[in-house]
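Q: I would like a close look at one part of this model. Please keep to plain terms and take it step by step.

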Amino acid sequence: MSVETFSPANLLQPVPYHHVAIGTGTRHVHVAGQISRDGDATHIATGDLTGQVAQVLRNTALGLAGAGATFADVVRLRFFLTDASAPGRVEAFMAGIELVAEELGLPQPLPPVSVIGVDFLFEPDVLVELEAYAVLD
């Protein structure tokens, strides 16, 4: 495996992700920001953050697979989330991850993750966007 993840003892615990990832390999995979659209540009889960998180993870899995990678090869996930401070937002976000964790083989805990609150994304109905970075041998 080209990625080792861990959380040093003196960092905030518990969290649903590892604080550190070490990627060793020669191929770096960067998956562009994925939004809640399918291959035909159909809007998926409009107004439903949980559904959109699930879809961006599915799209990211497709991007990784295209490069011969899986979530096991990911060294960082970066989410952009609109209206991040709204009541129930974090719970809906986490529910989207849980919805597809087994389906996509998401590591538990996740690799290092950032969730960045933003005012606006690609189009007004886009609630979340996801970028992924992986390393392959």
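Leaving aside its neighbours within four places in sequence, which residues is Phe71 in contact with? Please go on from there to the parts around it.

A: This is a predicted model. Leaving aside neighbours within four places in sequence, Phe71 is in contact with Leu57, Thr60, Ala61, Leu64, Leu77, Leu104, Gly105, Leu106 and Pro107.

As a general point, nonpolar side chains in soluble globular proteins tend to be buried together.

Next, the helix α2. Its buried residues are Arg89, Ala92, Phe93, Gly96, Ile97, Val100, Ala101 and Leu104. An α-helix has 3.6 residues a turn, so residues three or four places apart point the same way. The buried residues of α2 pack against α1, β4, β5 (113–118) and β6. As for length, the 16 residues of α2 should span 22 Å at 1.5 Å a residue, and the end C-alpha atoms are 22 Å apart, which agrees.

A search of the whole structure finds one aromatic pair. The pair is edge-to-face, because the rings of Phe79 and Phe93 have their centres 4.8 Å apart and their planes at 85°. Phe79 lies in strand β4 and Phe93 in helix α2, so the pair ties together parts that are 14 residues apart in sequence. Both Phe79 and Phe93 are buried.

That leaves the strand β6. Nine of its nine residues are buried, so β6 is largely enclosed by the rest of the structure. Val128, Leu130, Ala132, Ala134 and Leu136 point one way from β6, while Glu129, Glu131, Tyr133 and Val135 point the other way. β6 runs antiparallel to β3, and six bridges join the two; His28 stands opposite Val135 in β6. β6 also runs antiparallel to β4, with seven bridges between them; here the bridge partner of Leu81 is Val128.

How values were computed:
Residues are numbered from 1 along each chain as its sequence is written. This is a predicted model: local features need pLDDT of at least 70, side-chain atom pairs count only at pLDDT 80 or more; totals for chains, interfaces and linings use all residues. Side-chain values use heavy atoms; hydrogens and water are left out. Contact means heavy atoms within 4.5 Å. Buried means under 20% relative accessible area, exposed over 50%, partly exposed in between (1.4 Å probe, protein chains only). Helices (H or I, at least four residues) and strands (E, at least two) are DSSP runs, numbered from the N terminus. Two strands pair if DSSP finds at least two bridges between them. Rings of Phe, Tyr and Trp (its six-membered ring) pair if their centres lie within 6.5 Å; planes under 30 degrees apart count as stacked, over 60 as edge-to-face and the rest as tilted. The expected span of a helix is 1.5 Å times one less than its number of residues.
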